[in-house]
Amino acid sequence: MTKAIAFSEYGTPEVLRLSEVTAPEPGPGQVRIRVRAASVNPLDLKIRSGLMAGAIPAHFPVVPGLDAAGVVDAVGEGADAAVGDEVLGATAGGGYSEYALLEQPVAKPAALSWEVAASLVTVGRTAFRVLAQLGVRQGQTLLVHGAGGSVGIIAAQLAVTRGITVIATVGEHDIERVTALGATAVRYGDGWVQRVRTAAPQGVDFVLDASGAGVLADSVALTGDSARVITIADPSAAQHGVRFSAGSTDGAAQTEDALPQLVELAADGRLTLPVWRTYPLEEAATAHADLEAHRNRGKAVLLP
């Protein structure tokens, strides 16, 4: 038996409880890790609350957690890792646990902290995917809404490394931080369209909305084509003719090699992902409450 956070009904963060569960056994291609860090993602909150029940039905009890990093302690047939390896990856069966299974583990470089390693997976792949779906290229201009958040800040940095001019709408507190990463940051809120036009007199070629802040109509007007706008956060996308990108299988071909590339960039210091706060495993409910209240300024990570 091992300790894990589980929930047996949908609800508020209080349904998350420290539990005793059977340690999982790795199947073909999988490894089991002793978890050193597990990322808390917004999707975890939606699954726990029941908002995703139609798309991701629960089989209670549920151990949440999409991403984790740790040390391999058991290996399934055909897995590309060995006992003792330090790895990160997407979980199979939940990462809020002392032990978790990983699908397609990626080696963790020594230069990468456990917290960042666990945090890169879902948000990094999402950023990688939406840039591929937009088709933005070197020399073009990309507007990123919500660039202070985890997906937005990775997308902005990836675009900068590819020679793309990035304009980023962020909160006042994030302007200096995002500017330091190579983007031109402007304050979101009333008047953002004019501020973007001033920052990008050459015009905007593509828009990534990671904010869900009701910016789609003006974003389409800026680019002149709804096909040049994509959102991961605004459910009204179809009303504006805009693509809503969601899920690991949406554009999977574009992200097949994403995680190794993201890991290399992060280990080399060319990609920064801020970790806002770490929590012991038993405080998972507090982490969920903090994210729901939008207190975080970066990733929240559990440390079993």
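I looked up the pairing of β3 with β6 (residues 99-107) and found it antiparallel over 5 bridges; strands pair if DSSP finds at least two bridges between them. Strands here are DSSP runs of E of at least two residues, helices are runs of H or I of at least four, and both are numbered from the N terminus. Glutamine 30 stands opposite glutamate 103 in β6.

The model is predicted: local features need pLDDT of at least 70 and side-chain atom pairs pLDDT 80 or more, while totals for chains, interfaces and linings use all residues. Numbering starts from 1 along each chain as its sequence is written, and side-chain values use heavy atoms, without hydrogens and water.

I then checked β4 (residues 67-75), which pairs with β3 in the antiparallel sense over 7 bridges. Arginine 32 faces alanine 74 there. With β14 (residues 299-303), β3 forms 3 bridges, also antiparallel; valine 40 has alanine 300 as its bridge partner.

Strand β3 (residues 30-40) is largely enclosed by the rest of the structure, because 9 of its 11 residues are buried (under 20% relative accessible area, 1.4 Å probe, protein chains only).

I turned to the nonpolar cores, sets of buried Ala, Val, Leu, Ile, Met, Phe, Trp, Tyr and Cys residues joined through side-chain atoms within 4.5 Å. The largest has 49 residues, and Leu88, Leu120, Leu142, Ile154, Leu158 and Leu208 have the most contacts inside it. Its largest share, 12 residues, comes from α2. A second, separate core of 31 residues includes Phe7, Leu16, Val35 and Ala81.

Notes: Buried < 20%, exposed > 50% of the residue type's maximum accessible area, 1.4 Å probe, protein only.
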